[in-house]
Amino acid sequence: MFVWHTAHDCVAEVIFLWSLITGSLAKAAADMSLLSSTEIAEAFEPPSGGKDTSSTLPQKTNPIYSAQVLACANVLGQSTALALRSMRQTHERSGEGMIEFPLVADAYRKTLRALEKMQIIATGISVDVQK
């Protein structure tokens, strides 16, 4: 028998949706990171104010925004497993559902952060038209 307070499908669906969104953003961020590598050097992220400079090569910049999007997607991808675990509440009062409280807030923040960083990339990207 299913009762309302043990049904956690909706919460898992929301976390899955956010994970899918950040996964799509991560694909674009990975492509951006690859295109900005020294070997390819076709596209570049906007400067981040010093956080993107290389410690050994001052003329080189690192795709820091892409790295942040990828980090959010990697963490959020692992959160989907926890969302599934929270659905398996035994009886009506077990603690598995308590996983949701920090999980939803963190998943929301990670998705928002990934969207914000990708917006910075998309609005500030520079392309080497010679290549």
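First, the conventions. The model is predicted, so local features need pLDDT of at least 70 and side-chain atom pairs count only at pLDDT 80 or more, while totals for chains, interfaces and linings use all residues. Residues are numbered from 1 along each chain as its sequence is written, and side-chain values use heavy atoms, with hydrogens and water left out.

I'll start with the helices. Helices here are DSSP runs of H or I with at least four residues, numbered from the N terminus. Helix α1 covers residues 9-35, helix α2 covers residues 64-86, and helix α3 covers residues 100-124.

Now the packing. Two packed helices are described by the angle between their axes and the distance between the axes. The axes are lines fitted to C-alpha atoms over the stretch in contact, and angles run from 0 to 180 degrees between N-to-C directions. For α1 and α2, the axes come within 8 Å and cross at roughly 155°. For α1 and α3, they come within 10 Å, with a crossing at roughly 30°. Angles under 35 degrees count as roughly parallel, over 145 as roughly antiparallel, 65 to 115 as roughly perpendicular, and the rest as oblique. So α1 and α2 are roughly antiparallel, and α1 and α3 are roughly parallel.

Next, charges. How many salt bridges does the count come to? Three, where a salt bridge is a side-chain nitrogen of Lys or Arg within 4 Å of a carboxyl oxygen of Asp or Glu.

One joins Lys-27 and Asp-31, with the closest N and O atoms 2.8 Å apart. These two residues are four apart in helix α1, so about one helical turn separates them. Asp-31 has 33% relative accessibility and therefore counts as partly exposed. On this scale, buried means under 20% relative accessible area, exposed over 50%, and partly exposed in between, with a 1.4 Å probe and protein chains only.

Asp-106 and Arg-109 are three residues apart, about one turn of the helix. Asp-106 and Lys-110 are four residues apart, so again about one turn lies between them. Asp-106, Arg-109 and Lys-110 are thus linked in a network of salt bridges. Asp-106 is partly exposed at 22%, and Lys-110 is partly exposed at 21%.

Last, the surface. Phe-16, Leu-84 and Met-87 make a nonpolar patch of about 230 Å². Patches are made of residues with over 30% relative accessible area and no salt bridge; like charges are joined within 9 Å, and nonpolar side chains (Val, Leu, Ile, Met, Phe, Trp, Tyr) within 5 Å. The areas come from the Shrake-Rupley method with a 1.4 Å probe, and for residues only the protein chains shown count as cover. Phe-16 sits in α1 and counts as partly exposed at 30% relative accessibility.
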